[in-house]
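Thank you all for coming. I would like to walk you through one structure this morning, going slowly enough that anyone new to it can follow along on the screen.

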Amino acid sequence: MKPMTITEKILARHAGAKEVTPGELINAKVDIALGNDITAPIAISEFKRIGAKKVFNRNKVVLVPDHFTPNKDIKSAEQCKVLREFAREQKLTHYYEGGEVGVEHALLPERGVVVPGDLVIGADSHTCTYGALGAFSTGVGSTDLAAAMITGELWFKVPESMKFVFNGRLRKWVSGKDLILHIIGEIGVDGALYRAMEFTGRAIDNLSMDSRLSMCNMAIEAGAKSGIIAPDAATKAYVTKRAERPFKFYASDEDAVYSEIREYDCSQIEPKVACPHLPENTKNVSEVKNISIDQVVIGSCTNGRLEDLEIAAKILRGKKIAKYLRLIIIPATPFIYNEAMKKGWFDIFLKAGAIISPPTCGPCLGGHMGILAAGERALATTNRNFVGRMGDVKSEVYLANPAVAAATAIKGRIAHPDEVTK
Amino acid sequence: MKFNGKAWKFGADIDTDRIIPARYLNTSDPKELAKHCMEDADPTFASRVQAGDVIVADKNFGCGSSREHAPIAIKASGVACVIAKSFARIFYRNSFNMGLPILECEEAADSTESGDVIEVDMSTGEIVNVTKGKRFKARPIPPFMQELIAAGGLMESIRKKGAV
């Protein structure tokens with residue numbers, strides 16, 4: 001057998017082939033097909049238009065209305081209604097709303113809906129998040145979702161893989177978010193176009209699952225088809241208590257072929273900030289400390305998990321946020337929301353002057369729950385800082401990790417966490 | 001398929017938020033989306049674009065979100081074809097799946113200016129800048145994608161395979 005990467009092995013298995021080669025077009029079976037309140041209405045309308053009656057498997061089609069929920073206006077309510085009626089008609093086992101809904105890419109791993117070794121497609125670009133579990137997972141469009149809902153299969157071009165090796169130990173305040181921002185800063189927003197990004201090395205071995213999820217989440221911001229981390233003991237501990245289905249661990253062969261291998265010394269990587277208007281415009285936080293900020297958002301599929309809220313609580317404990325600044329904290333799922341409340345972090349956030357939002361994608365994509373006016377500037381733990389992303393076309397978004405976000409909220413300008421802690 | 005229209009030139013990394021901002025994603029009605037097409041890149045685009053016009057852009061066109069609303073908005077605005085140095089992968093898939101003609105051609109992207117008259121022959125990949133009197137050849141469309149187009153898009157190809 002020829003040596004293969006983890007990505008090639010998962011694709012070969014789902015295509016029913018012994019091996020696959022980058023560039024090859026395959027038809028592969030999907031384990032999970034996901035849609036949300038923005039993308040699924042188009043998929044459902046295509047599904048009906050060509051006369052389909054039943055989804056290929058009611059356990060494998062997942063609908064999560066998370067973007068404009070709780071419904072922000074009448075049109076959004078209509079879109080969510082399309083999902084609800086389809087879920088009811090097709091008896092979908094994985095449909096979440098109201099007090100059960102969370103940001104899809106935080107919710108699915110947490111509930112064990114996606115598992116290691118899966119092939120997952122989602123009509124949402126951040127579907128690449130599940131690579132953190134050792135799954136092949138990629139974002140597609142609504143028509144692709146419709147096709148997968150009907151046939152349980154989809155066409156793929158086998159991607160070349162790029163390997164990113166992180167050696168050494170992370171510095172204080174540095175998380176998975178900073179590692180991925182560091183990469184994007186180096187290779188650019190199309191530096192991994194059409195390719196799979198594989199993250200490995202001692203620092204990745206020591207990385208928490210929450211940090212691995214936030215790292216793989218942003219593979220798309222380098223143009224990649226997917227991001228992936230080979231599963232290990234930490235993955236096993238995370239999925240064992242959650243997995244709904246049997247899972248399988250894959251690993252790259254030692255002599256697998258990569259289009260490029262890049263190595264990093266983590267002791268050289270500081271907390272990062274991506275400046276407007278592209279995630280590749282990264283700087284060290286110490287280089288951008290004089291920039292005043294109107295709104296800080298801590299949440300999203302990138303950084304709305306327990307580890308993220310924990311570090312924010314640690315920094316905000318006993319502190320007040322700057323006057324005239326809004327701090328919006330969005331726990332990504334009901335479980336995270338409840339845990340944060342039980343641990344007393346809500347007290348810390350509320351005393352500091354923060355707003356706590358129900359789980360939603362909300363302001364990340366300029367939907368609702370924190371839109372920016374012209375000339376306003378936000379620092380967010382989200383994943384995109386495109387022109388007009390969070391509101392007016394003349395507003396700006398800076399991206400950073402939750403520790404930098406919390407420090408920034410206290411100072412009213414971009415701040416290093418060391419500035420507000422002893 | 002042959003097209004002839006005026007070029008609208010855009011830069012690199014035009015993301016899907018600029019093609020169709022998320023504030024308009026509470027609908028998937030193509031006519032509604034077309035009213036806001038390219039709004040955050042050029043607010044005058046939607047009111048001035050003519051049927052048959054061509055978008056010409058630098059690298060990584062359509063990066064960002066998976067929203068199919070982006071190619072839908074472009075197609076519904078009357079744009080016949082998008083030519084770019086390269087496309088972000090989800091936008092590329094979406095365009096073939098829903099039937100927006102797209103071509104990759106570095107030279108055409110470099111030498112075209114807004115307002116130039118462009119002729120495109122999708123079957124040969126030949127691009128002519130009539131205004132400048134220059135001819136270009138786009139990167140060939142992979143045979144698999146040509147089959148998808150010939151079948152009438154992904155959904156039609158599924159129907160023809162008898163999967164419904």
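Predicted model: local features only at pLDDT ≥ 70, side-chain atom pairs only at ≥ 80, totals over all residues.

**Salt bridges, a helix and an interface**

Let me begin with a single side chain, A:Glu46, which counts as buried because its relative accessibility is 15%, under the 20% that marks the limit for that word.

The partner of A:Glu46 is A:Arg49, and the two side chains meet in a salt bridge with 2.9 Å from N to O. A:Arg49, with a relative accessible area of 47%, is partly exposed. Both residues belong to helix α2 of chain A, residues 40–49, where they sit three residues apart, or about one turn of the helix. As a general point, an α-helix has 3.6 residues a turn, so residues three or four places apart point the same way.

Staying with chain A, which parts of the chain does the pair of A:Arg384 and A:Glu221 tie together? The side chains of these two residues meet in a salt bridge, again at 2.9 Å from N to O. A:Arg384 lies in the loop between β17 (377–380) and β18 (396–399), while A:Glu221 lies in the loop between α8 (209–217) and β10 (226–228), so the pair joins parts of chain A that are 163 residues apart in sequence. A:Arg384 counts as buried, at 2% relative accessibility, and A:Glu221 is buried too, with a relative accessible area of 3%.

For a salt bridge in another setting, please turn to chain B, where B:Glu126 pairs with B:Arg135 and the closest N and O atoms are 3.0 Å apart. Here B:Glu126 is partly exposed, with a relative accessible area of 32%, and B:Arg135 is exposed, at 59%. Over all chains, the count comes to 35 salt bridges.

I would now like to move to the place where the two chains meet. The contact takes 43 residues from chain B and 49 residues from chain A. Between them the chains bury about 3,800 Å², and 59% of that area is on carbon and sulfur atoms. On the chain B side, the residues that lose the most area to chain A are B:Arg89, B:Arg93 and B:Met155, which together account for 21% of what that side buries.

How many salt bridges are counted between chain B and chain A? The count is four, and one salt bridge that joins the two chains is formed by the side chains of B:Lys59 and A:Asp190, at 3.3 Å from N to O. Across the same interface there are 17 residue pairs in polar contact, with both residues at pLDDT 80 or more. Five helices of chain B, namely α1 (16–19), α4 (69–76), α5 (89–98), α7 (143–151) and α8 (154–160), each supply at least two residues of the side that touches chain A. Of these, α5(B) gives the most, with seven residues. Sorted by class, that side of chain B has 17 nonpolar, eleven polar and 15 charged residues.

Since α5(B) has come up, let me stay with it for a moment. Ten of its ten residues are buried, so the helix is largely enclosed by the rest of the structure. Among those buried residues are B:Arg89 and B:Arg93, together with B:Phe91, B:Tyr92 and B:Phe96. Just after the helix, B:Gly99 takes a positive phi of about 90°.

A:Lys289 is in the loop between β13 (282–284) and β14 (295–298) of chain A, and it is partly exposed, with a relative accessible area of 28%. A:Lys289 and A:Ile414 are 125 residues apart in sequence, yet their C-alpha atoms are 4.8 Å apart in space. Setting aside residues up to four places away in sequence, A:Lys289 touches A:Arg413, A:Ile414, A:His416 and A:Glu419.

In chain B, B:Glu39 is found in the loop between α2 (30–34) and α3 (45–48). Its side chain makes a polar contact of 2.6 Å with the side chain of B:Tyr24. Leaving aside neighbours within four places in sequence, B:Glu39 is also in contact with residues including B:Arg18, B:Ile19 and B:Arg23.

Terms used
Residues numbered from 1 in each chain as written. Chains lettered and ligands numbered in written order. Heavy atoms only, no water. Contact = heavy atoms within 4.5 Å. Buried area = accessible area lost by both parts, 1.4 Å probe. Polar contact = N/O pair within 3.5 Å; in protein donor to acceptor, adjacent residues only side chain to side chain. Helix = DSSP H or I, 4+ residues; strand = E, 2+ residues; numbered from the N terminus. Nonpolar A, V, L, I, M, F, W, Y, C, P; charged D, E, K, R; others polar. Buried < 20%, exposed > 50% of the residue type's maximum accessible area, 1.4 Å probe, protein only.
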